[in-house]
Amino acid sequence: MGERKLSQFEATRPATERVLIDIDGTRASFALAAQGQSTSFRLVREYRTAHYPTATDCIMGFARDAGINLEGLDCAIAVSGAVSGDAIRIARCPWIISATGFGYLFKKPVHFLNDSAAILWAATQVSHSTHRSLGAYALPDFSGGGKWLGINYQSGLGAALLIGRDGSDIQHVETEAGHCAFAPVGENERKLWNNLDRIRSPASWERALFAEASDPCWRDTPIAGDPKLLIKQRAEMFGSFVGDAVLATGAWNGVLLFGNAVSLLSGQEQLALFDKRLESRANFQLQLRKLPRWSVTMPNINLVGAARFLENRCSAIAEIA
């Protein structure tokens, strides 16, 4: 038999290509990237999760569209949900993923991480075009040891911690800090807490920070029906949450803020309110005043984070082997 001629696609596809997936509620995003490429993707596709009965069906659909065989490829998946055990439930989505089942699909272990951890991994790709210092701070430097906190304020409220001894030895710790109990300050927030607590107890930080001015939870306060006042109040509340999260994790090397936090703190007045509340933690004002803080925006940030995490995991596995 004659030698089979490679298609143009097969001839140009890198042998070390990796699959990156971000499953966030109503959508699932996919990308293909060569080894060592975390911000330059050969292909990016997005699908509606409602169009597929299972995550496996969606991934197989992507593989058909991309013309690839999944077997043997390295894969990292960022999910909007807690990564614990074999069964992973996706927030705002009917899918429940089996980590073991995906391993059979790729014929090797698949690496999972929470979306809050993913965006924090993405932020280790530091650039003046993506990172903004919220004060007189240099851009973050992950080449040395330290602990950094990432706050994911987007479709939900999440947090993750990055711990490193040096640039090649970095690990993350996922949290569900946004679901911790909301701690109100002042009369407006106490009324908000009381109204939220009647609906679902205890009232969480996530629920408090997503309450719009039109929400009945703000009734009997000046915030009700006033979006401008809400922005100021929300900046203060967000400062409290971030300050508490820093104290809980000991992330003294800095905090990186994503999603809605970028626009919320774009004005100097809101930033000043945020800073004041963040620093007003009992016994730690001096340390918190020195705490570096940055906002981060980046295209395809969850996929970039999955790529950087996967690069780190594959390198660690190669060293052990």
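**Briefing on a predicted model**

D24 lies in strand 1, where strands (E, at least two residues) and helices (H or I, at least four residues) are DSSP runs, numbered from the N terminus. This is a predicted model, in which local features need pLDDT of at least 70 and side-chain atom pairs count only at pLDDT 80 or more, while totals for chains, interfaces and linings use all residues. Residues are numbered from 1 along each chain as its sequence is written, and side-chain values use heavy atoms, with hydrogens and water left out.

- When its neighbours within four places in sequence are left aside, D24 is in contact with S80, R92, D115 and S155, contact here meaning heavy atoms within 4.5 Å.
- I21 is found in strand 1, which covers residues 18–24, and I21 is buried, with a relative accessible area of 0%.
- Not counting residues up to four places away in sequence, I21 touches S29, F30, I59, C75, A76, I77, A78 and L303.
- From C-alpha to C-alpha, I21 and V44 are 9.7 Å apart in space, and they are 23 residues apart in sequence.

**A residue of helix 5**

- N188 is found in helix 5, which covers residues 186–199, and at 21% relative accessibility N188 counts as partly exposed.
- Residues up to four places away in sequence are again not counted when we say that N188 touches W218, T221, P222, I223 and Q233.

**Two loop residues with a positive phi**

- Most residues other than glycine have a negative phi, and most peptide bonds are trans.
- R92, which is not a glycine, has a positive phi of about 60 degrees, and its place is in the loop between strand 5 (87–89) and strand 6 (96–98).
- At 48% relative accessibility, R92 counts as partly exposed, and R92 is one of the residues in contact with D24.
- N283, also a residue other than glycine, has a positive phi near 75 degrees, and N283 sits in the loop between helix 9 (268–279) and helix 10 (285–289).
- N283 is exposed, with a relative accessible area of 67%.

**How strands pair**

- Two strands are said to pair if DSSP finds at least two bridges between them.
- Strand 4 (residues 75–79) and strand 7 run parallel and are joined by four bridges, and within strand 7 the bridge partner of A76 is H111.
- In a regular strand the side chains alternate between the two faces of the sheet.
- In strand 7 (residues 111–114), H111 and L113 point one way while F112 and N114 point the other way, and all are buried.
- Strand 12 (residues 255–259) is mostly covered, since four of its five residues are buried.
- Strand 9 (residues 146–153) pairs with strand 12 in the parallel sense over five bridges, and the bridge partner of I151 in strand 12 is L257.
- Strand 12 also pairs with strand 13 (residues 293–296) in the parallel sense, over three bridges, and here V255 stands opposite R293.

**The chain as a whole**

- The secondary structure of the protein chain comes to 11 helices and 13 strands.
- The radius of gyration of the protein chain is 21 Å, close to the 20 Å that the globule rule gives for 321 residues, so the chain is as compact as a globular protein of that length; the radius is taken over C-alpha atoms, and the rule is 2.2 Å times the number of residues to the power 0.38.
- Taken along the principal axes, the C-alpha atoms fill a box of roughly 80 × 45 × 30 Å.
- Buried residues make up 48% of the 321 residues in the protein chain.
- Among the contacts with a separation of 6 or more, 64% are between residues 24 or more positions apart.

Methods: Buried < 20%, exposed > 50% of the residue type's maximum accessible area, 1.4 Å probe, protein only.
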